[in-house]
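Please read these points with the model open beside you. They go from the overall fold to single residues.

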Amino acid sequence: MYDELFDPRKLIQGYFVQDNDFVEDSVHELFPAYLRMLSSGAAKGGSLILVSIGPLIHYTIPSSEYFAEITFACLNDKSIEELQKWLKNDPDAMDCSHAIQFFCELQGSSETWIEKKNVIQQKVQNVFKCDIERSDPLSPNVLPKADCLLLVHSLEFFCESKTTFCDALKNLSSLLKPGGHLIMTIGLEATFYMVGDVKFPHLCLNEGFLRDAFTNAGFVIKEHHIYNRKMNSLYDIADYRAVMILKACKESDIKCSGT
């Protein structure tokens, strides 16, 4: 369904541009929280792997200041195509200038959006397909275990059940070194979201389940924040009750599920 109907550009246009209801309702809360998690000094190091439903370049804006190398682990082929075009400055690449400028302003960065774009393009070393059902999600590509794993609106869109969510979380944890950190942004108690005119399912999850899932996957939760939705206008495109950002430390390796 995703490879056929999912449009990464419509995802960006619908949720991650300036003067957008989702940005006002959720991103204005999640993004500063992510900045605080990075600036605390716990989540930093040589490498970051970003797992996302789409080409969400805006989360690399602060990440590029704390990590030497960034890898995009994409859950669908169309997002890979869009990211590769953008990294190569292809004339047909999606225009992210307004998004980068907006998030630079939100971060309080003194760099121009062009300077920040150049930094991001230099830091992004890999764009790989990610199969969350595999015990080695990036196979056949091989990477050293990362210092930080960032999951931005990802597993809840692709997992059909709580069991497959837990299995996918364990599989992704294999990409992270012990002592490394995982940061996740996720919608709570949602059942669907829209990308353009297409309605996609969203696995309905709550805080208690997520706490247990992370513990069972070998993580210790260090902090989490929940922000209730404020704007009723968003119910037509996504029915989440709240959004959560969570930071956890990988304490041990857990045997993975999958192939």
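1. Basis. This is a predicted model, in which local features need pLDDT of at least 70 and side-chain atom pairs count only at pLDDT 80 or more, while totals for chains, interfaces and linings use all residues. Residues are numbered from 1 along each chain as its sequence is written, and side-chain values use heavy atoms, with hydrogens and water left out.

2. Fold and size. The protein has ten helices and nine strands. Both are DSSP runs numbered from the N terminus (helices: H or I, at least four residues; strands: E, at least two). Along the principal axes, the C-alpha atoms fill a box of roughly 45 × 40 × 35 Å.

3. Of the 259 residues, 53% are buried. Buried means under 20% relative accessible area, exposed over 50%, and partly exposed in between (1.4 Å probe, protein chains only). Among contacts with a separation of 6 or more, 75% come from residues 24 or more positions apart. A contact means heavy atoms within 4.5 Å.

4. Surface and charge. The accessible surface is about 11,000 Å², and 47% of it belongs to carbon and sulfur atoms. Areas come from the Shrake-Rupley method with a 1.4 Å probe; for residues, only the protein chains shown count as cover. There are 25 positive and 35 negative charges, and their mean positions are 5 Å apart. Lys and Arg count as positive and Asp and Glu as negative, with His and the chain ends not counted. Each charge is placed at NZ of Lys, CZ of Arg, CG of Asp or CD of Glu.

5. Salt bridges. How many salt bridges does a search of the whole structure find? The search finds nine. The criterion is a side-chain nitrogen of Lys or Arg within 4 Å of a carboxyl oxygen of Asp or Glu. One of them joins R9 and E82, with the closest N and O atoms 3.0 Å apart. This pair links distant parts of the chain, R9 in helix α2 and E82 in helix α5, 73 residues apart. R9 is partly exposed at 25%, whereas E82 is buried at 10%.

6. Two further bridges. E29 and K230 meet at 3.6 Å, N to O. E29 sits in helix α3 and K230 in the loop between β8 and β9, 201 residues apart. E29 is partly exposed, at 28% relative accessibility. E189 and R241 meet at 3.2 Å. E189 lies in the loop between β5 and β6, and R241 in the loop between β8 and β9, 52 residues apart. E189 is partly exposed at 35%, and R241 is partly exposed at 35%.

7. Helix α6. This helix spans residues 97-107, and its buried residues include I100, F102, F103 and C104. The buried residues of α6 pack against α3, α4, α5 and α7. Just after α6, G108 takes a positive phi of about 80°.

8. G54. Is G54 buried or exposed? G54 is buried, with a relative accessible area of 1%. G54 lies in the loop between β1 and α4. Leaving out residues up to four places away in sequence, G54 touches F6, L11 and S79.
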